[in-house]
Amino acid sequence: MDLIGHLEDLANVVTAAQLTAVRRLAEQQTIEDLAAGVPERDAGSTVGAQVGLARRQPPRRGVRDVHLAGVLADELPHTRRAMLEGTASGYQAELVVTHTACLSRADRARVDELVAPELGSLSPRQVVHRVKHHAYRLDPGAATRQAAMAHRERHVSVRPVPDTMARVAAHLPAAQAPRTMSVPAAGAPETTAR
């Protein structure tokens, strides 16, 4: 158990170091692009794909890492420090970033200050609960904005899986999801998912 815990702490430090490198790459690439005459809105736009390639991940994962690295460096220094100390994971950091996105920069910094010291003892569900609690206390309208933001991000994705099958995933508002559960497959008898 101790070994597993120590290795997890080490993995957190490595993730933090990797995100620091991602941030530096994004800054350097942006500087180089601007010097080469690339329009400002496009400068650094290839970094996500580069990060995805280096991590053997899809480009969209690289884009997510660039965003995470930037927010941690610029707006969530306490969460970043907890990662560097090994007490917070990359997943926990992503949860803090996601659930503070609707806050002002000052309120986001305050939530970071309040939550980061606890990250080493919190489950992912507890992280979300604490972040939302502090966010609501600081800005009650934040919950409404967070819900609106989540509704805009609804989507359905299809990925191939072995044996000529596909996996369909839906990220939907709770009120719409039950209706999609009862759609029968082509040629299949109608059933309702339980």
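The structure is a predicted model, in which local features need pLDDT of at least 70, side-chain atom pairs count only at pLDDT 80 or more, and totals for chains, interfaces and linings use all residues. Residues are numbered from 1 along each chain as its sequence is written, and side-chain values use heavy atoms, with hydrogens and water left out. The secondary structure of the protein amounts to nine helices and two strands. These elements are DSSP runs numbered from the N terminus, with helices (H or I) of at least four residues and strands (E) of at least two.

**Overall make-up**

- Read from the N terminus, the order of elements is α-α-α-α-α-α-α-α-β-β-α.
- The C-alpha trace spans about 55 × 45 × 45 Å along its principal axes.
- Of the 194 residues of the protein, 30% count as buried; buried means under 20% relative accessible area, exposed means over 50%, and partly exposed lies in between (1.4 Å probe, protein chains only).
- Contact means heavy atoms within 4.5 Å. Among the contacts with a separation of 6 or more, 51% come from residues 24 or more positions apart.
- The protein exposes about 12900 Å², of which carbon and sulfur atoms supply 57%. Accessible areas come from the Shrake-Rupley method with a 1.4 Å probe, and for residues only the protein chains shown count as cover.

**Helix H1**

- Helix H1 covers residues 2-35, a run of 34 residues, and reaches 50 Å from its first C-alpha to its last. This reach is close to the 50 Å expected at 1.5 Å a residue, where the expected span is 1.5 Å times one less than the number of residues.
- The buried residues of H1 are Asn12, Ala16, Leu19, Thr20, Val22, Ala26, Gln29 and Asp33.
- Those buried residues pack against three helices, namely H2 (47-54), H3 (59-74) and H4 (77-84).
- Leu7 also belongs to helix H1, and Leu7 is partly exposed, with a relative accessible area of 48%.
- Leu7 and Glu75 are separated by 68 residues in sequence and by 27 Å in space, C-alpha to C-alpha.
- Just after H1, Gly37 takes a positive phi of about 90°.

**Thr79 in helix H4**

- Thr79 is found in helix H4 and is buried, with a relative accessible area of 1%.
- Leaving aside residues up to four places away in sequence, Thr79 touches Leu72, Ala88, Ala93, Val96, Asp112, Ala116 and Leu119.

**The strand hairpin**

- Strand E1 (residues 155-161) pairs with E2 in the antiparallel sense over seven bridges; two strands pair if DSSP finds at least two bridges between them.
- Val158 stands opposite Val168 in E2, and Val161 stands opposite Met165 in E2.
- Strand E2 (residues 165-171) lies largely in the open, because the number of buried residues among its seven is zero.
- The hairpin of E1 and E2 has three residues between the strands.
- Leu172 lies in the loop between E2 and helix H9 (177-180) and is partly exposed, with a relative accessible area of 28%.
- Leu172 and Arg154 are 18 residues apart in sequence and 5.1 Å apart in space, C-alpha to C-alpha.

**Positive phi in two loops**

- Most residues other than glycine have a negative phi.
- Arg56 has a positive phi of about 55° although it is not a glycine. Arg56 is placed in the loop between H2 and H3 and counts as exposed, at 75% relative accessibility.
- Asp163, likewise not a glycine, has a positive phi of about 65°. Asp163 is placed in the loop between E1 and E2 and counts as exposed, at 68% relative accessibility.
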